[in-house]
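Hi,

Here is the structure I promised to pass on.

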Amino acid sequence: MASFTVVKTEDLAAEQGKGPACVLRGQTSDLGCLTRQDGSVSLSQGDTTSIAVVYGPAEVRINKEQIDQATVEVVYRPKVGLPRPEHRKQERVIRNTFEAAIAASLHPRSAISIIIQETEDMGSNFSCCINSSCLALLDAAVSMNFMVAAVTVALKECGEMVLDPTKRDETEAKSVLSYVFDSVNLQVLTVVSCGKFSRAEYRNGLVLAREAAKSVFQFYRESMSKKLLMSQ
Amino acid sequence: MRETPLSNCEREFILNFIAQQKRLDGRKAYDYRDLRIAFGVSLGCCHVELGKTRVLAQVSCEVGEPKQTRPHDGVLYVNVELSPMACPSFEQGRQSEEGIELSRLMERCLKESRCLDLESLCIVSGEKAWHLRVDIHVLNHEGNILDCASIAAISALAHFRRPDVSVHGEEITIHTLEERNPVPLSLHHMPLLVSFTFFSQGKYMLIDPSSKEEKVMEGKMVVGMNKHRELCTLQVTGQMLLLKEQVLRCSSIALTKVTRITELIHEALENDKQARLKGDKHGFAVLVSGDKVTSNRLPKTEVKVDTLEVSDDMGESQSSEDESGNEPMEEHTEGVPKESAVEILTKGVGMIGEGGASTWLDVPQADTKQLAAKKQKHKVSKMEEDEGSSEEEEKVILK
């Protein structure tokens, strides 16, 4: 049995700020919350929070050096215990996503490292990680081809779809789908799925998630413009 | 990544400044930076900010076998990790000398001070006991990680509740949180670490060093103490000698600091308890106010989608083969299912459904027009079978 954290049932049930099924939970961002890094952000989606930091483009370890482009490194740090294979997998998925998003060819022989610390997992943790990393990259002013936004959809047994599910929704759902979109054409970059679902359910989830991704991009825009315009 | 070393000129400046009884951030020698303690939604999750230094501690539990040498006791693990998140010079997966020192001191502070009643964690003697695990994550290194980590760890332990257990004969039941309220750990006292740094052969002493002061210090003394004036740990590192009076003075200063911090921890615990009782919002999400320039807040937003298909139909399963042949990106851009069925309305007029490319009319112009029509959300575009002039075609499409 793995070590587990304890969450009170009323906290799980309260689902702070969560209403009907097709609602994106309230989001907060804090850009530059840490001081030692090139870019840092603490992002919360409802009660799910994560902190992402970015270093780079910086010195690269010689065995990871690529002569034509920057190396993208992702480190995911779980809150409890040491990183396990599932976290390594998540790291890899996030890395593959950001390798497409970051304009790596602008900085050959350098490293861009993203470190994500899970601070509270109350559902839709993967999309929170992706979104916080993207904001951290924006905060570090790393050149990117496009921004990315992730949205998680849970499919319940009865066929109902829950957008941005909480921990309880995720455990009750028959499948959980996370879609990652780019900001230019809102095309799908990555899909992480768990459980069984039909083609129609996949597409319905996609349509819903794409609509939600628009408001996530709008949130990025607001956060960045607030920081850049008002700090002048 | 390597740490940027401190230049000689900066080093001298800081030392001269200390000799003038001044500090870079304007504090007095015995002042702590601002301390902020916050708790997460899950129990035993504590986030401490000491100035800009940030530490996150999480307590978790599992049931396992007790140690053979101590069959009546539960087990407490302390894990301190310095990841590259805190500072670029820390490496992932490899413990530095600093990291080992830190985790040893934390272990001594929490385990060897016996602040936690481990016997109460025993379920069945020699067979089952709770294993507690304290994970300490350093998020930002701006000096004095140690004090910050010790505050975070002890607050997290005080905040934690474990599931209740009942034993009937051979049967052990771990009650879910719905059945029974979780039980707090029995914490006898709260040992806290206070570090003192010394400069110029112990002539000057500072409390709560910043990262730059840590770089120029000669030595460090760590005093672990609780508010009952009981010493739990004492450790001296660095190349310097200390007088007996200095050690005594440090311990009396540590007492005042520890009393103040313990009060703060109790206050924070009480605030969190009240917030939970009232059902107010708590957790980390509330910490971000949205008032600052760097922070932003988006209220919950409803997402409306008008067209959702009900289930798969035959048309789709037929088209599945050619879709799988396509590039996956292509499929996703459409969003709506493709229908490539061609319907003949009247003789000589064909109708092409949305999305399907014309394969029976080899006119490149017509293809582009079709795309344009799609953007204007024309559901159906009609085309005359016999090739007319391009003007004629356009008229038909815009109908």
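Below is what turned up in it, starting with a sheet and moving on to the helices beside it.

Keep in mind that this is a predicted model.

The sheet is an open one made of 6 strands, and part of it comes from the other chain: the order is S5(A)-S6(A)-S4(A)-S3(A)-S2(A)-S15(B), with mixed pairing. At the edges sit strand S5 (71-77) of chain A and strand S15 (295-298) of chain B, and each of these pairs on one side only. On average, neighbouring strands here are turned by 15° against each other, if you ignore direction.

S5(A) runs parallel to strand S6 (residues 111-120) of chain A, and 7 bridges join the two.

Now for the helices. Helix H2 (residues 85-101) of chain A lies across S5 and S6 of chain A, at about 145° to S5(A). Helix H3 (residues 125-139) of chain A lies across S2, S3, S4, S5 and S6 of chain A, and runs at about 145° to S3(A).

Is H3(A) largely enclosed by the rest of the structure, or left open? It is largely enclosed, because 15 of the 15 residues of H3(A) are buried; buried here means that 20 or more other C-beta atoms lie within 10 Å of a residue's own. From first C-alpha to last, H3(A) reaches 21 Å, close to the 21 Å expected for its 15 residues at 1.5 Å a residue. Just after H3(A), look for A:Ala141, which takes a positive phi of about 55°.

Cheers

Methods:
Residues numbered from 1 in each chain as written. Chains lettered and ligands numbered in written order. Predicted model: local features only at pLDDT ≥ 70, side-chain atom pairs only at ≥ 80, totals over all residues. Pairing = 2+ DSSP bridges. Helix = DSSP H or I, 4+ residues; strand = E, 2+ residues; numbered from the N terminus. Axes fitted to C-alpha atoms, helices over the stretch in contact; angles between N-to-C directions. Contact = placed C-beta atoms within 7 Å. Expected span 1.5 Å × (residues − 1). Buried ≥ 20, exposed ≤ 12 C-beta atoms within 10 Å, placed from the backbone.
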